[in-house]
Amino acid sequence: NAQLHEDVADTQREIVYMLGEAVETRSQETGNHVKRVAEISRILAEAYGLGDEEVELVKLASPLHDIGKIGIPDAILNKPGKLDPGEWETMKSHAQLGHNMLAGSNRKVLRAGAIMALEHHEKWDGTGYPNGKAGEEIHIFGRLTAIADVFDALGSDRVYKKAWPVERVVEHMQAESGSHFDPRGIELFMENLTEIISVRDRYKD
């Protein structure tokens, strides 16, 4: 029974990663993005003082943050230029779509993934989407995933942009403290920057 339980847990973890990687592949990005976001989110969760179970939950669930992109048309998802206002509204819907896909589950990992999917584009100052939440109204899972996701996305090639140098990314993250990002989260990001950069080196595209 113990072996079976461990097999089920391992299978669940693998499926979560595979789902995250499938979304990244469809948007012409690499599966290593979800691995990096998972590890960086874990580092931040640990630094923030979350309990061991929550830290593990953050790591396991964060690959699902963009699962809603499965419902976004290819023409929008992979458009090399700027999205027009209508396309942008469609793109933004991936947050609610992802939440709707996962929120009905009774599994802790999928319920955590639902929160991350819904809230990783909310901003500390209330200007994010889909619900314009602000400050600590945004779940800690969403706030930490946002930092990990933006840091990695800016430092990676995308269909619409080239990767930024890490120095420029770090400057941007600091500049957005208190507007886009939780200020405490950015303090912890800076305190753990060496380890975070080593994650990028370990899981190169």
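Colleague: On what conventions do the values rest?

Modeller: The model is predicted, so local features need pLDDT of at least 70 and side-chain atom pairs count only at pLDDT 80 or more, while totals for chains, interfaces and linings use all residues. Residues are numbered from 1 along each chain as its sequence is written, and side-chain values use heavy atoms, with hydrogens and water left out.

Colleague: How many helices and strands does the chain have?

Modeller: Helices (H or I, at least four residues) and strands (E, at least two) are DSSP runs, numbered from the N terminus. Here there are 11 helices and zero strands.

Colleague: What radius of gyration does the chain have, and what would a compact globule have?

Modeller: The radius is taken over C-alpha atoms, and the globule rule is 2.2 Å times the number of residues to the power 0.38. For 205 residues the rule gives a value near 17 Å; the chain has 16 Å, which agrees with a compact globule. Along the principal axes, its C-alpha atoms fill a box of roughly 55 × 40 × 35 Å.

Colleague: At what angle do the axes of α2 and α10 cross?

Modeller: Axes are lines fitted to C-alpha atoms, for helices over the stretch in contact, and angles run from 0 to 180 degrees between N-to-C directions. The axes of α2 (residues 32-48) and α10 (residues 183-191) come within 10 Å and cross at roughly 110 degrees. The two helices are therefore roughly perpendicular (65 to 115 degrees; under 35 is roughly parallel, over 145 roughly antiparallel, the rest oblique).

Colleague: Which residues meet there?

Modeller: With contact meaning heavy atoms within 4.5 Å, Leu-44, Ala-47 and Tyr-48 of α2 meet Arg-184, Gly-185, Leu-188 and Phe-189 of α10. By class, the contact of α2 with α10 has five nonpolar residues, one polar and one charged (Ala, Val, Leu, Ile, Met, Phe, Trp, Tyr, Cys and Pro are nonpolar; Asp, Glu, Lys and Arg charged; the others, Gly among them, polar).

Colleague: Which residues lie closest to the centre of the second largest pocket?

Modeller: That pocket holds about 380 Å³ of space. Of its 12 lining residues, Ala-9, Gln-12, Leu-60, Lys-108 and Val-109 are the closest to the centre.

Colleague: Is the peptide bond from Tyr-129 to Pro-130 cis or trans?

Modeller: Most peptide bonds are trans. The bond from Tyr-129 to Pro-130 is cis, with omega near 10 degrees, and Pro-130 is found in the loop between α7 and α8.

Technical notes. On a 1 Å grid over the protein atoms alone, a cavity is a set of points where a 1.4 Å probe fits but cannot get out, and a pocket is an open set with protein on both sides within 12 Å along at least five of seven lines; lining residues have an atom within 4 Å of a point. Grid points are joined across faces, edges and corners, and a volume is the space filled by probe spheres set on the points.
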